[in-house]
Amino acid sequence: MQFVSLDGVSQGPGSPQEDPSGGFTRGGWLVPHMDATFVDQASDWLEHADALLLGRRTYEAFARDWPQITDPADPFAVRMNNLPKYVATQTLADGEWNPTTILTGDVEAQIAGLKAQPGRDLQVHGSSSLAQSLFSAGLVDELRLVVAPVVVGQGRRLFPDGAAPLGFELMSSRTTPQGLTIQVFETRGRPDFAAYEGVSAVG
């Protein structure tokens with residue numbers, strides 16, 4: 001699950017303080033476009049999660065912020081705080097946002113093992129660097145994008161230059177009243193670029 005801008009930036013959608021790493025100063029770009037349709041969709045997605053899989057940077061930001069949200073009426077807080085969290089990291093020794101399990105060493109093999117277990121979604125929220133590793137390893141089944149109608153102009157992108165080629169099939173798409181585009185894709189493996197040779201987009 002990824003929030004991105006029109007220019008593909010995924011860093012700091014929620015607030016200026018969410019992730020200022022690398023000198024990023026334009027956080028919070030998603031918030032002006034959030035509406036009830038978006039909240040309902042995000043809540044429905046989270047309802048299908050049996051666990052969260054996070055990178056270190058996203059985990060630390062979530063672990064800082066989510067435990068402070070204790071309103072039982074909040075559509076996300078109870079589930080975010082209570083779901084099992086798995087953190088892919090080579091630098092974090094332990095996590096205090098329980099229940100948390102640290103994945104180190106051969107992280108891809110451990111994630112493949114988690115995917116093989118019975119249950120519902122193992123969801124990646126944000127964590128764009130981790131997402132790139134998962135795409136490259138063929139461990140992503142579905143990509144859920146929320147695209148904000150804004151060009152951020154700086155920050156980490158979900159698909160940076162050098163990203164592994166990967167094809168998708170669009171399963172659904174809709175636009176919220178505030179202009180967010182919600183898109184759901186299934187992964188289809190590496191594109192067959194040879195199939196495009198000699199194909200013209202004009203006439």
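1. Met 1 is buried in this predicted model, its relative accessible area being 14%, which falls below the 20% under which a residue counts as buried. Met 1 belongs to the segment that precedes strand 1 (2-5), and, once its neighbours within four places in sequence are set aside, its contacts are Trp 45, Gln 123, Val 124, His 125, Gly 126 and Arg 144.

2. Four strands form an open sheet in the order 4-3-2-5, with parallel pairing, and its edges are strand 4 (100-103) and strand 5 (121-124), each of which pairs on one side only. From one strand to the next the twist averages 25°. Strand 2 (residues 49-55) and strand 5 run parallel and are joined by four bridges, and Ala 51 stands opposite Leu 122 of strand 5.

3. Two helices deserve attention in relation to this sheet. Helix 1 (residues 36-47) packs on the sheet, where it touches strand 2 and strand 5, and its direction makes about 105° with that of strand 2. Helix 4 (residues 107-116) lies across strand 2, strand 3 (85-88), strand 4 and strand 5, and runs at about 135° to strand 4.

4. Which residues of helix 4 are buried, and why are they on the same side of helix 4? The buried residues are Val 107, Ile 111 and Leu 114, and they lie on the same side of helix 4 because they cover an arc of only 55° around the axis. In general, an α-helix has 3.6 residues a turn, so residues three or four places apart point the same way. The cover over the buried residues of helix 4 includes strand 2, strand 3, strand 4, strand 5 and helix 5 (128-136).

5. Most residues other than glycine have a negative phi, and most peptide bonds are trans. The peptide bond that joins Asn 98 and Pro 99 is cis, with omega at about 0°, and Pro 99 has its place in the loop between strand 3 and strand 4. Ser 127, a residue other than glycine, has a positive phi near 55°; Ser 127 lies in the loop between strand 5 and helix 5, and it counts as buried at 8% relative accessibility.

Key:
Residues are numbered from 1 along each chain as its sequence is written. This is a predicted model: local features need pLDDT of at least 70, side-chain atom pairs count only at pLDDT 80 or more; totals for chains, interfaces and linings use all residues. Side-chain values use heavy atoms; hydrogens and water are left out. Two strands pair if DSSP finds at least two bridges between them. Axes are lines fitted to C-alpha atoms, for helices over the stretch in contact, and angles run from 0 to 180 degrees between N-to-C directions. Contact means heavy atoms within 4.5 Å. Buried means under 20% relative accessible area, exposed over 50%, partly exposed in between (1.4 Å probe, protein chains only). The arc is that of the directions from the helix axis to the C-beta atoms.
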